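I'll jot down what I looked up, in the order I got to it.

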Amino acid sequence: GGSVISGTGVHNFYNLIIAGSNITAAATSSIAVSGNLTTSNPGVFTHLPGGTLTMSGTAKTISGTGITLDNLTVTGTVSSSSSLLITGNISVTGSFTSSNPGSILMNGITKTIGGGGTILFSSLQISGTVIASSGFSISQSLDISGTFSATAGTATFTGSSTLNGSANLFNVTINGTSLILSTSSVLGIANIFTITAGSLNV
C-alpha cells in the first residue's frame, strides 16, 4: 500500500509534510520544495532512483525519520538534524548543513558530491562509491565502508573528528580539536594538507 507521487513534470510544494507510511515518489518525478520537508510518525518517504528533490528556500529544514532520497539538490539554505539515506547525488549551490545527531548515508554506485556551495556534515557514511568535486566539512565522523575520493575542493575537519576506513581526498584542512584515524584507516591527500588548528592523531 501507500501513496505515490508520479508524473514526469515538476511537483512544486512550499512545505511538504509526509504523515502516511510508505509514501513514494516515482523515479520520473522531480520535486521542488521552497519551504520545509518533514515526516511525522508514521510517515516514511522514499524517492525512487532517478528522481530529484530540490530545496530552494532560505533557512529551511529537513526533519523527521524514514527519509530516503535519490538526488538531493540544494539551491537555498537548508539544515537537517535527521538521518538521511541518499541513493544518488548531492549537489549544493547554496548551503546545506547536516548536524548532530543526524547523519548522511550514501550507498549509491558512481555517485557525486558537488555543486560548489557550502556543505557541512556532522557524520558522513559512505557504503557505495562516491566522488566529491566540491569542498565539504566534517564535524564528527567520516565512515567509509565503500569507496570515497575527491577530485577537487577541500575536506575540512572541525571539532573532534574521526576517520574510519580509507578516503582519497584532494585538499585536507584540520581546523578544530583533532582528526583521529582509527585502526587500519588510510587518509590519502592528492594536493595540500593544512593544520589551521588542532592535530592529526594516527
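This is a predicted model: local features need pLDDT of at least 70, side-chain atom pairs count only at pLDDT 80 or more; totals for chains, interfaces and linings use all residues.

I went for the rings to begin with: F121, F136 and F148 make up one aromatic cluster. Residues are numbered from 1 along each chain as its sequence is written, and side-chain values use heavy atoms, with hydrogens and water left out.

**Aromatic pairs**

I searched the whole structure and got two aromatic pairs. I wrote down the rule too: rings of Phe, Tyr and Trp (its six-membered ring) pair if their centres lie within 6.5 Å, and planes under 30 degrees apart are stacked, over 60 edge-to-face, the rest tilted. F136 and F148 form a tilted pair, with 5.8 Å from centre to centre and 50° between the planes. F136 sits in strand 20 (residues 136–144) and F148 in strand 21 (residues 147–150), so this pair ties together parts twelve residues apart in sequence.

F136 has 3% relative accessibility, so I put it down as buried. F148 has 1%, so it is buried as well.

**H47**

Next I looked up H47, which is in strand 7 (residues 45–47). H47 counts as buried because its relative accessibility is 1%. What does it touch? Leaving out residues up to four places away in sequence, I listed A25, A26, S29, I31, T52, L53, T68, L69 and D70; contact here means heavy atoms within 4.5 Å. I also found a polar atom of the H47 side chain 3.4 Å from the backbone oxygen of A26.

**The whole chain**

Then I stepped back. I counted zero helices and 27 strands in the protein chain; both are DSSP runs numbered from the N terminus, helices being H or I with at least four residues and strands E with at least two. Of the 202 residues, 44% are buried. The C-alpha atoms fill a box of roughly 50 × 30 × 30 Å along the principal axes. Among contacts between residues at least 6 apart in sequence, I noted that 10% join residues at least 24 apart.

Note on methods: Buried means under 20% relative accessible area, exposed over 50%, partly exposed in between (1.4 Å probe, protein chains only). A polar contact is a pair of N or O atoms within 3.5 Å; within protein, one must be able to donate a hydrogen and the other to accept it, and residues adjacent in sequence count only if both atoms are side-chain atoms.
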